[in-house]
Amino acid sequence: PRPTIPISYSHVHHVISQLRLDDVEHSIIGDAKRRGISGGQRKRVNIAMELMADPTILFCDEPTSGLDAANSLLVMAMLRSLSSRGLTIMAVIHQPRVEIYEQLHQVLLLGRGGFTAYHGDAKLAVNYFSGLGFVKDDAQNPADFLIDVVDGHHILNEHGGLDSDAVAAMTEPSCTGAALAGGGGGAVGA
């Protein structure tokens, strides 16, 4: 049997407050038969359950999946806040909107075959690929640009234009992912 971890009521209330769950503290979570709390609240409850063990690293697999834009941003802002307090957070985020991408400390972009295409400061990722000759449209979401580059949908020809033959030749699916970490460094990705 696993050893039990003593949990104080003050720790429980601290986590509930951190995750902005005070208003649903005594609510039914819900299931397939009974309606309960919202999807965003349910995601935060799942994270709260993990925080009860007072981890040094928190792994979140698609914490925004299935949420609307507002709840996705709330969950990511909450994770950013936790990482700013010293908790290292690793999360897989797919196609984040601009405001979510801006919550990221670091990003890890994985290309075809799981190879690292970029790992570093999220704010510097676009500049890194721009330095390699890839041009981001001013109106384009930085995460969309990065995914397009890593997936091979933004391939330059010798004239600096998109090489449609090279794009057509890339039929193998890629593995684009990311990570969110905190604890001073932090990373979340697209």
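This note comments on selected local features of a predicted model.

1. Basis of the values. Residues are numbered from 1 along each chain as its sequence is written, and side-chain values use heavy atoms, with hydrogens and water left out.

2. Helix α6. Helices and strands here are DSSP runs (helices H or I, at least four residues; strands E, at least two), numbered from the N terminus. Helix α6 spans residues 142-151, and eight of its 10 residues are buried, so the helix is largely enclosed by the rest of the structure. Buried denotes under 20% relative accessible area, exposed over 50%, and partly exposed the range in between, with a 1.4 Å probe and protein chains only. The buried residues of α6 are P142, A143, F145, L146, I147, V149, V150 and D151. Their cover includes α4 (98-101), β3 (106-110), β4 (116-121) and α5 (125-131).

3. The ends of α6. N141, in the loop between α5 and α6, caps the N-terminal end of the helix, with a side-chain oxygen 2.8 Å from the backbone nitrogen of A143. The N141 side chain also reaches the backbone oxygen of P96 at 3.0 Å. Polar contacts are pairs of N or O atoms within 3.5 Å; within protein, one atom must be able to donate a hydrogen and the other to accept it, and residues adjacent in sequence count only if both atoms are side-chain atoms. N141 is itself buried, at 12% relative accessible area. Not counting residues up to four places away in sequence, N141 touches P96, R97, V98 and K136, where contact means heavy atoms within 4.5 Å. Just after α6, G152 adopts a positive phi of about 85°.

4. Strand β1 (residues 57-61) and strand β2 run parallel and are joined by five bridges; two strands pair if DSSP finds at least two bridges between them. Together with helix α3 (residues 69-84), β1 and β2 make a right-handed β-α-β unit. Right-handed means that, with the strands pointing away from the viewer, the path from the first strand over the helix to the second runs clockwise. Within the pairing, I57 stands opposite T88, and L58 has I89 as its bridge partner.

5. In β2 (residues 88-92), I89 and A91 form the covered face, while T88, M90 and V92 form the uncovered one.

6. Aromatic pairs. How many aromatic pairs does a search of the whole structure find? The search finds four. Rings of Phe, Tyr and Trp (its six-membered ring) pair if their centres lie within 6.5 Å; planes under 30 degrees apart count as stacked, over 60 as edge-to-face and the rest as tilted. One of the pairs is Y118 with Y128, whose centres are 5.2 Å apart with planes at 45°, so the pair is tilted. Y118 lies in strand β4 and Y128 in helix α5, so the pair ties together parts that are 10 residues apart in sequence. Another pair is Y118 with F129, with centres 6.1 Å apart and planes at 50°, so this pair is tilted. F129 lies in helix α5, 11 residues from Y118. Ring pairs link Y118, Y128, F129 and F134 into a cluster. Y118 is buried at 9% relative accessibility, as is F129 at 5%, whereas Y128 is partly exposed at 40%.

7. Most residues other than glycine have a negative phi. R20, in the loop between α1 and α2, has a positive phi of about 55° although it is not a glycine. R20 is partly exposed, at 49% relative accessibility. E62, in the loop between β1 and α3, has a positive phi near 50° and is partly exposed at 30% relative accessible area.

8. Residue I29. I29 lies in the loop between α1 (9-18) and α2 (39-51) and is partly exposed, at 36% relative accessibility. Leaving aside neighbours within four places in sequence, I29 contacts G36, I37, R42 and V45. The C-alpha atoms of I29 and G39, 10 residues apart along the chain, are separated by 9.7 Å.

Note on methods
Predicted model: local features only at pLDDT ≥ 70, side-chain atom pairs only at ≥ 80, totals over all residues.
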